[in-house]
Amino acid sequence: MTRHFDLDALATLVAVADTGGFTAAAQRLGRTQSAVSAKIAALETDLGHRLMERGRGGATPTEVGSALLGYARRLLQIEDEARLALGGESLQGRVRLGIPDDYVEPFSSLLLHPFVTAHPMVQLEVRCDISVRLERELAHAAIDVAVVTRDPDRPSGELLRYEPLVWCAAHDHHPERLDPLPLALFSEGCRFRNVILSGLESSGRAWRVAYVSSSLQGVLSAVAAGFAVACVAESSMPAGWRRLGPEDGLPALPPAEIGLIVRPDAGVASRSLASAIRGALSRIDRAA
């Protein structure tokens, strides 16, 4: 006799594990607590294993339950993808995207607006922060998808593209002529910062920190005011600004690696956004 998993039972198991209890899972699923308990009990009987430990603090997966949860999420994702591919359902749900703010503006017209327009039932939430913190939040399931500047020594996620780093100054100011060189830098923790300072140290150029900001707009405002130079992603440099280089006493720097990280248990909406990001960045490369 051929046996199959009850996908509704697997969805119930995932809901109990995610919410930490039968009552909360029942509220999420729009069912009674007794119905949720009966569904889990039937699944345990069918498999011959206890899947959830019940206690005063809620419900937690057993060792077997934890192993099954990984398969359950994958099976439910495949079901979602099949329904979406066959046109049976609209893409919906909540997607939490993390992205450094220096990538938001140049990529938003190709990334965010088309995706939201194509999938109006998806609730897209965007969090801007430095890559180190975004990776930490993704590991703790606080976000679903992250676009990051990868650490070349410990790269995470998949490589999307290489982004040139460029020295820049406002068109009507020449802070690069000053000694030591005044810098507008991102805050500690930004992966651009270490590359920039290492490059200057290797070149022997004297420098000083003139301005520090956690945001791209803050760094650019210091450059626009004329009292500092900055090194930013090429796609972030404002039109009309001067691009500086070795002829100005500034070292060439290796490009940044832009990576994409998706939670292993991400839903179909999150993985659809990840696919849209890949496509958008490939269009940027083709247009370059």
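Trainee: As what does Ile-78 count, buried or exposed?
Mentor: Ile-78 counts as exposed, because its relative accessibility is 52% and the cut-off for that class is over 50%. Please keep in mind throughout that this is a predicted model.

Trainee: Where does Ile-78 lie, and which residues make the nonpolar surface patch?
Mentor: Ile-78 belongs to helix H4, which spans residues 63-85. Together with Phe-5, Tyr-71 and Leu-75, Ile-78 makes a nonpolar surface patch of about 400 Å².

Trainee: Turning to the sheets, in what order do the five strands stand?
Mentor: As a general idea, strands of a sheet pair through backbone hydrogen bonds, in either a parallel or an antiparallel way. Here the order is E4-E3-E5-E12-E6, in an open sheet whose pairing is mixed. Its edge strands are E4 (122-128) and E6 (158-163), each of which pairs on one side only. On average, neighbouring strands of this sheet are turned by 20° against each other, direction ignored.

Trainee: Which pairs run parallel or antiparallel, and how many bridges join E5 to E12?
Mentor: Strand E3 (residues 93-99) and strand E5 (residues 145-149) run parallel and are joined by two bridges, with Gly-98 having Ala-146 in E5 as its bridge partner. By contrast, E5 and E12 run antiparallel and are joined by five bridges; there, Val-145 has Val-262 in E12 as its bridge partner. E6 and E12 also run antiparallel, again through five bridges, and Tyr-162 stands opposite Glu-257 in E12.

Trainee: How many residues of E12 are buried, and which helix lies across E12?
Mentor: Six of the seven residues of E12 are buried, so this strand is largely enclosed by the rest of the structure. Helix H6 (residues 131-139) lies across E3, E4, E5 and strand E12 (256-262), and its direction makes an angle of about 150° with E5.

Trainee: What order does the open sheet of three strands have?
Mentor: That sheet has the order E10-E7-E11, and its pairing is antiparallel. Strands E10 (230-233) and E11 (242-244) stand at the edges with a single partner strand each, so one side of each is left without a neighbour in the sheet. Its neighbouring strands are turned by 50° against each other on average, direction ignored. Four bridges join strand E7 (residues 165-169) to E10, where Cys-231 is the bridge partner of Trp-167.

Trainee: Which helices lie across E7 and E10?
Mentor: Helix H7 (residues 191-203) lies across E7 and E10, running at about 75° to E7, while helix H8 (residues 216-225) lies across these strands at about 140° to E10.

Notes
Residues numbered from 1 in each chain as written. Predicted model: local features only at pLDDT ≥ 70, side-chain atom pairs only at ≥ 80, totals over all residues. Heavy atoms only, no water. Pairing = 2+ DSSP bridges. Axes fitted to C-alpha atoms, helices over the stretch in contact; angles between N-to-C directions. Contact = heavy atoms within 4.5 Å. Patch = residues over 30% accessible without salt bridge, like charges linked within 9 Å, V, L, I, M, F, W, Y side chains within 5 Å. Areas by Shrake-Rupley, 256 points an atom, 1.4 Å probe, with all protein chains shown as cover. Salt bridge = Lys/Arg side-chain N within 4 Å of Asp/Glu carboxyl O. Buried < 20%, exposed > 50% of the residue type's maximum accessible area, 1.4 Å probe, protein only.
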